[in-house]
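Have the structure open while you read.

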Amino acid sequence: MTSVLTLRIVDPWLIVSLCAASAAAVVFLLLRRRPAPWPLWAAAALFSGSALTVLFALVARATRMFGMPLPWQVVAWGAAGVAAIALAIANFWKARWGRRAIAAGAILLFAVTTALGINAYYGLNTTVAGLFHIQVHRPISVPTGSAGSGPESHTPLYERWRPPADMPATGQQATIEIPATQSGFSARLAGFYKPPAALTAHPPRLPLVIMMMGQPGDPDPQYIAKILDAQAQKNNGLAPYVLVVDQLGDPTRDPACADSATYGNVETYVTKDVVTFARTLPVQQRPHQWVIAGYSNGGGCAFKYAAEHPEVWGNLLAISGEIVPGSEHPDETIADVYGGSRAAFDAAAPAGILASGSFSCPDEWALFTAGENDPAYIDQARHGAAAAFSAGSQADSYVVPGAGHVVDALEGGLAEGFARLYPRLGLSAP
């Protein structure tokens, strides 16, 4: 079962093979001599299927069904898939049982090809488990604070760390359970990344990243691990420890980063339970060495928690993040999270928290990123950076070239963020 769940479903060979099989099925379904008006019926089926998809995309855009317009690539995949399914359905008309059986199989083939094609475009669910939001438990021995060698030093780590010859080339990924002692929040297992330097006999105390992914999404460390492994290879195996934590509880819901009777105490979970657990790891304890990061929904949470807790996190990396948590569906958020109070919803906006002057962030560092083809989130990134800068942070925004709001934006934002963070964290020379 584990081998099935971990099967990669975004590899080009699989998508190309499915597309080739689907194309062959379409050709077979088109080649039919009877009944007499068949070419007209086939054309009508193809047109109606694609037209329905485009109409759905327009309605979704007008109603903000998904919070943002569907990318044209997704609409194209959908139009092709639904048109092919409509053609297969038309083949049941006055057909023999053999053709009907092939048409039924083709419907399944077209549906799978379309689903995996759209998923491959987004690139965020790389395995069968990811597609169905099933966590595969990957246990690991969790290090304790005593595993870090020596006391903390203000000398940058890159100046005093010499890796042993047997240090692994890449880090280790796993899942761990973080006790929800104070919050009682029903969180999924957290993702954990242990960098190469931490896999040595005498590891140094390292910086820490606490990260949150998007919605729907899973606490999967593979994306940040990929970026940090690349950085570690250039910097003697040095990289932060990473906890990728669950701010959703369920991929289908959005708690808007807040404690609520509806969704549970997610804010207490991240800012109290996760922080308490993180302090038991062999990490450096100063806020200057801690990063809170997030992508999309998680980026909004990261901004909120960084604004409220500069004494915990001295660094913020918000990747394609919402400027206001829950802003993609404000009416639902106000009703479910804030008990119908618009004032409470507005008061939870990170920019408003910073503007209130309640929290001083003179030494906080912040970077807000968004994809070049994601204009709404470019605006949000710039507004976030401006709000953080006005509050005293060293804040900036960055546009990821050629990226949208999917895996290219995630990996591009992570790469740029840690390229800038490494000197600040003492992991590389300025």
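## Ground rules

Two strands count as paired if DSSP finds at least two bridges between them. Helices (H or I, at least four residues) and strands (E, at least two) are DSSP runs, numbered from the N terminus.

This is a predicted model, where local features need pLDDT of at least 70, side-chain atom pairs count only at pLDDT 80 or more, and totals for chains, interfaces and linings use all residues. Residues are numbered from 1 along each chain as its sequence is written, and side-chain values use heavy atoms, with hydrogens and water left out.

## Strand β2 and its partners

Start with β2 (residues 190–194), which pairs with β1 (residues 172–176) in the antiparallel sense over five bridges. β2 also pairs with β4 (residues 241–245), again antiparallel, over three bridges.

## Helices α9 and α10

Now look at α9 (residues 266–278) and α10 (residues 297–308), which pack at about 60 degrees with their axes 12 Å apart. Axes here are lines fitted to C-alpha atoms, for helices over the stretch in contact, and angles run from 0 to 180 degrees between N-to-C directions. The two helices are therefore oblique to each other (under 35 degrees is roughly parallel, over 145 roughly antiparallel, 65 to 115 roughly perpendicular, the rest oblique).

Val 266, Glu 267, Val 270 and Thr 271 in α9 meet Lys 304, Tyr 305 and Glu 308 in α10, with contact meaning heavy atoms within 4.5 Å.
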